[in-house]
Amino acid sequence: LAILLALASWQGMASDPSPLQDLCVADMHSPAVLVNGFACLNPMDVNADHFFKAAMLDTPRKTNKVGSNVTLINVMQIPGLNTLGISIARIDYAPLGQNPPHTHPRAIEILMVLEGTLHVGFVTSNPDNKFFSKVLNKGDVFVFPVGLIHFQFNPNPYKPAVAITALSSQNPGAITIANAVFGSKPPISDDVLAKAFQVEKGTIDWLQAQFWENNHY
């Protein structure tokens, strides 16, 4: 019985909770107490536009200084995604650009290359920290397990790349490792980070002084 309960709870935590009705369009203006998701809009007020967005995901995006731009379409853009446990993103990569090491705390990710070539990879949790990587070409697909640190890098110095990715959450979240560690507000003590990374405090101070730009738009 304990084993069955453990398996059932693991399945329950693997993605967003299953919906209990056909739809639960997010009511962004509801005064109701916040729950794990959004309160449901009155079904009588729901229309097709709640499930639609003219996202123009076929249009190239301008990339930032790390050479990428993530255009995420989640429940904040399409209220009809509430309780449905899925979202989608277009990722643009400049030549030699990257979507730097990051995690999605609430989602599995599956990525397909639309244009160009990508070097992708993820690292397993402690203590093994095993690194899995692959070079992907147009039409190739790769999966990043939930919560693990992963990245994508365009190795071509002359041509951009584009990918489409699907995530198993209406709000997958993203934690970019460098931004979180060196750009937190307020900053993490340089004593802590110098010890953790085994470098001089001056190196940490320099890293914390950088502008850690977000590439999710």
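Is His104 buried or exposed, judged by its relative accessibility? In this predicted model, His104 has a relative accessibility of 8% and therefore counts as buried, the cut-off being under 20%. The residue is placed in the loop between β3 and β4. Beyond its neighbours up to four places away in sequence, His104 touches Glu109, Val146, Gly147, His150, Leu167, Pro172, Gly173 and Ala174. A polar contact of 3.4 Å also links the side chain of His104 to the side chain of His102.

His104 belongs to a set of annotated positions. According to the unreviewed UniProt entry, the annotation "binding site" covers His102, His104, Glu109 and His150. These residues span 49 residues in sequence, yet no two of their C-alpha atoms are more than 11.9 Å apart, so they gather at one spot. The contacts of individual members can be set beside this result. Glu109 and His150 are both among the residues touched by His104, and His102 is the partner of His104 in the side-chain polar contact.

His150 lies in strand β8, which comprises residues 149–153. With a relative accessible area of 1%, His150 is buried, because this value falls under 20%. When neighbours within four places in sequence are left aside, His150 is in contact with Pro100, Pro101, His102, Thr103 and His104, and also with Glu109, Gly121, Phe122 and Phe144.

Strand β4 covers residues 109–115 and pairs with strand β9, residues 161–167, in the antiparallel sense over 6 bridges. Within this pairing, Glu109 stands opposite Leu167 of β9; Leu167 is also one of the residues touched by His104. Strands β4 and β9 are part of an open sheet of 5 strands with the order β1-β2-β9-β4-β7 and antiparallel pairing. The edge strands are β1 (68–73) and β7 (141–144), each of which pairs on one side only. From one strand to the next, the twist averages 20°. In general, the strands of a sheet pair through backbone hydrogen bonds, in either a parallel or an antiparallel arrangement.

Backbone geometry was also examined in the loops. Two cis peptide bonds may be described. The bond from Asn126 to Pro127 is cis, with omega near 5°, and Pro127 is located in the loop between β5 (118–123) and β6 (131–136). Lys185 and Pro186 are likewise joined by a cis peptide bond, for which omega is about -5°. Pro186 is found in the loop between α2 (177–182) and α3 (190–197).

Positive phi values occur at two residues that are not glycine, Leu96 and Gln198. Leu96 has a phi near 65° and is situated in the loop between β2 (87–93) and β3 (98–103). Its relative accessible area is 46%, and Leu96 is therefore partly exposed, as the value lies between the 20% and 50% limits. For Gln198, phi is about 55°, and the residue is found in the loop between α3 and α4 (201–208). Gln198 has a relative accessible area of 71% and is classed as exposed, because this value is over 50%.

Definitions and conventions: Residues are numbered from 1 along each chain as its sequence is written. This is a predicted model: local features need pLDDT of at least 70, side-chain atom pairs count only at pLDDT 80 or more; totals for chains, interfaces and linings use all residues. Side-chain values use heavy atoms; hydrogens and water are left out. Two strands pair if DSSP finds at least two bridges between them. Helices (H or I, at least four residues) and strands (E, at least two) are DSSP runs, numbered from the N terminus. Axes are lines fitted to C-alpha atoms, for helices over the stretch in contact, and angles run from 0 to 180 degrees between N-to-C directions. Buried means under 20% relative accessible area, exposed over 50%, partly exposed in between (1.4 Å probe, protein chains only). UniProt positions are given in the numbering used here, feature names are shortened, and annotations may be inferred rather than shown by experiment. Contact means heavy atoms within 4.5 Å. A polar contact is a pair of N or O atoms within 3.5 Å; within protein, one must be able to donate a hydrogen and the other to accept it, and residues adjacent in sequence count only if both atoms are side-chain atoms.
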